[in-house]
Amino acid sequence: MHCGQATWRIVVTLIIGWAGWTAGAVTLYDAGRPLAVIVTAERPTGVVRHAVAELNEHLTAMTGTALPVVVESALDGADARPRVLVGDTAESRAAGLDTASLDPEAMVVRCSGTRLFLLGGDRDDRNRVPATADRAIGTLYAVYGFLESDLGVRWLWPGATGTVVPRRADVVIPDGDRRFQPPLIQRHIRPGLRDWDNAVGKLGMTPEMTARLGTEYTAWSARRRLGRRANFRFGHAYNNWLRDYGKEHPEWFAMMPDGTRVTPEKPYPNLERAKLCETNPELLDFIAARGIEYLEKNPDALSFSACPNDSRGYCMCPTCKALDPPEGLPTEMNYPGQNFQYPSLSDRMVWHWNQIALRLGDRCPGRYIGAYAYSNYNHPPLREKLSPRVVIAYVGFNYLNAEYNEQSRRDWAGWSATGCKLFLRPNLLLVGHGFPLNYARDLGRDIQECFRTGMLGTDFDSMTHQYAAQAPIFYVLTGLLWDPTRSVDALLDEFLTAAYGPAVAPMRQYWDRLEALTRDIAAYRDPNADHDRDRGFHEMTAVFYNDEVLSELRGFLAAARTAAAGDEGVLARLAACQTALDYARIQRDLRRAVADHRGSPETTARVTALLQEKQTFFRQHLDDWTLGLHHVYWREARSTTHRRLYGGGIEESLPRPNELTRLVTWRFQTDPDDRGDQDGWQAAAFDDAAWKTISSLNAWETQGWAGYDGLAWYRCRLEVPAAWAGRKRLAIEFGAVDESFRLYVDGAMVHESLFAASDDPDLWKKPRRVDLTGILKPGTTQTLAVRVHDSGGAGGLWKPVVLLYED
Ligand SMILES: [Zn+2]
């Protein structure tokens with residue numbers, strides 16, 4: 001293809017556009033050759049610069065070549081190249097489009113003649129890259145909407161395996177003018193990526209891994225257009241008030257059923273979360289004054305939070321109790337030494353918020369009091385009429401509990417009927433312990449019903465465990481948050497087609513089977529089960545995820561692998577599903593072994609072996625599989641309930657291998673004629689300076705050696721610190737080696753591991769550990785050489801290589 005032909009095409013396009021009998025088109029690429037240029041203003045904002053980088057990153061993955069980027073003033077008037085104008089430019093303003101006058105978060109994709117305009121209502125003036133979705137970034141949404149709707153890009157989940165970019169040689173965009181503003185003013189799912197005190201380090205995560213997961217999640221959530229254009233504040237508002245004000249104002253705090261109030265010396269449930277006395281007039285004055293002060297100091301905030309603290313211990317003083325209608329739905333109340341049923345507290349809370357609203361009066365017009373409908377006050381009020389100054393964030397829905405969900409639908413409808421401004425703030429993503437589940441359709445229908453009945457936005461708590469086990473849920477949810485009018489089934493189809501391509505039929509069966517399983521779990525009632533948020537789920541994993549079910553699911557994956565043979569992207573996504581099933585099997589067995597544990601050597605050995613298997617699993621998969629670090633740590637190591645269910649106590653007695661260092665970068669050389677051994681490639685003195693470098697986190701095929709099968713060598717030099725001298729055991733763990741390998745240290749072979757499909761067809765993806773106690777010499781520099789043999793498909797070291805110690 002040469003330039004003359006390209007120009008001809010553009011001329012034809014113009015004439016067709018001018019003639020008006022059919023739509024014209026802009027040609028960005030022809031036969032893989034870039035014809036267009038990306039144009040920005042002289043000084044593009046951070047949002048625009050990020051939008052251009054994202055556009056070119058995806059166009060490069062699609063066509064192999066980026067488009068040139070120029071500022072508007074650098075263009076020659078005679079330059080006939082088609083233009084992609086991103087953000088505000090003189091030309092877009094001349095065409096009647098500018099970011100400041102567009103509604104916040106609104107996006108425009110206009111294709112006309114030789115111009116493609118991508119811009120939106122931006123309200124982020126901080127000029128930083130990357131832009132994050134905590135303010136209106138419409139131009140970025142225009143680019144994402146264009147990549148998705150016009151070019152077929154899909155972002156299934158964070159990271160490379162979740163990104164699907166179709167390959168194209170021609171990119172031709174027909175004329176059109178598409179505008180969209182997401183109807184939900186806040187589309188938020190909490191990432192759960194905060195790493196409390198490097199807690200996830202205890203599970204084997206390194207700071208580099210947590211940083212990478214954070215970057216990938218942030219990119220994905222922006223691409224799925226989670227974000228907001230309004231800043232409503234909610235959240236438990238009175239943490240530590242008992243500590244700070246309890247001495248001076250004892251009457252501000254909750255009365256227990258025995259008639260005594262909580263004090264800093266005698267708090268309940270603890271000092272941080274003690275409750276208030278909702279009817280104390282002086283306290284109401286204080287809360288309102290603080291709220292006004294907050295709003296005046298934070299011009300961005302549309303509300304201040306007046307949500308009670310989390311957990312139990314609500315006020316039982318006669319004045320507060322008088323506001324609780326006896327006919328209210330019963331809720332469970334907990335106090336020191338006693339639990340009892342008590343009517344819903346919603347009327348009291350609504351009265352309390354109304355009192356704060358009265359004290360606001362006409363101060364801070366257009367701004368609100370943020371309140372939860374949650375816990376003992378999540379049912380709608382029966383008597384009190386809610387002030388229009390109060391915004392409710394409703395906490396409900398749980399797809400492992402059908403009965404609770406029915407009540408949630410009624411509650412939502414009741415709050416909606418009050419006419420209040422209403423947000424959805426569910427904890428439903430926290431349930432299910434990261435097991436494979438699919439409630440995408442049921443959640444989708446509830447989201448749509450909430451939208452039809454007044455939902456302004458969402459705040460989901462939080463991404464939990466990992467995405468591969470529940471991927472369609474996140475895809476359908478984020479798709480509906482952007483456009484709640486889309487068909488749930490169409491979104492599911494979009495996910496399945498993009499994720500699995502030729503394997504879509506068996507994978508539809510796979511996810512449908514999980515949907516049926518999830519509904520079975522939701523319908524199940526076990527009166528003896530532990531009534532935590534997961535309502536008996538853990539106790540019943542042995543029933544729900546029995547061998548028959550897991551084998552049926554594995555069968556769908558096997559059929560899918562056959563259908564997708566040769567498609568590395570699809571195979572990687574199928575592998576993630578397989579990992580999810582392996583995870584379910586380990587957790588199920590561990591849960592059962594803990595329940596059967598009687599302290600005998602046999603039952604202890606069984607629990608110990610499974611705990612070790614789980615440790616190995618986490619070590620192998622934290623890198624490629626984790627989402628929501630905080631909740632992984634919470635579930636696996638911190639929560640007392642989960643530790644009891646999954647082996648806490650016994651776990652502490654395990655020898656815990658500790659990580660010394662990770663070996664990521666190696667020198668690499670293929671060895672098609674098997675010369676390495678005789679030429680001394682294993683020797684410490686061998687000069688490997690001419691070898692290329694390679695990462696041990698991915699197969700060699702993805703790093704410049706596509707299609708190579710056979711022998712290849714990895715070498716690295718290791719400075720073994722003198723401080724390692726005191727360690728009882730030292731070992732190297734290869735996260736996975738595809739397929740066989742020999743390990744040499746300073747020229748001497750110390751280990752050989754042969755892959756034989758007849759013995760263990762999965763050995764290529766399992767961790768392999770080699771004891772190097774006595775072989776590594778602390779205080780010296782040593783040479784590691786790994787000779788790998790791969791008979792076909794992907795090959796080499798492709799998971800973290802870690803040096804471990806035990807004391
Ligand atoms: Zn009270």
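Trainee: Is D446 buried or exposed?

Mentor: This is a predicted model, in which local features need pLDDT of at least 70 and side-chain atom pairs count only at pLDDT 80 or more, while totals for chains, interfaces and linings use all residues. Residues are numbered from 1 along each chain as its sequence is written, and side-chain values use heavy atoms, with hydrogens and water left out. The classes rest on relative accessible area with a 1.4 Å probe and protein chains only: buried is under 20%, exposed is over 50%, and partly exposed lies in between. Because the relative accessibility of D446 is 8%, the residue counts as buried.

Trainee: Which side chain meets D446 in a salt bridge?

Mentor: A salt bridge requires a side-chain nitrogen of Lys or Arg within 4 Å of a carboxyl oxygen of Asp or Glu. Here the N to O distance is 2.7 Å, and the partner of D446 is R409. The pair links distant parts of the chain, 37 residues apart: D446 lies in helix α11 (residues 440-452) and R409 in helix α10 (residues 402-417). Helices are DSSP runs of H or I with at least four residues, strands are runs of E with at least two, and both are numbered from the N terminus.

Trainee: Why does the pair R441 and E515 tie together parts that are apart in sequence?

Mentor: The side chains of R441 and E515 meet in a salt bridge at 2.8 Å, N to O. R441 lies in helix α11 and E515 in helix α14 (residues 504-523), so the parts tied together are separated in sequence by 74 residues.

Trainee: Which residues do salt bridges that share partners join into one network?

Mentor: Both R441 and E515 are buried. Salt bridges with shared partners join them into one network, whose members are R441, D442, D489, D512, E515 and R519.

Trainee: What is the N to O distance between D88 and R93?

Mentor: D88 is partly exposed, at 22% relative accessibility. R93 is also partly exposed, at 48%. Their side chains meet in a salt bridge, with an N to O distance of 3.9 Å.

Trainee: In what order do the three strands form the open sheet?

Mentor: Two strands pair if DSSP finds at least two bridges between them. Four bridges join β1 (residues 25-30) to β10, with T27 opposite V172 in β10. The pairing is antiparallel, and the order is β2-β1-β10.
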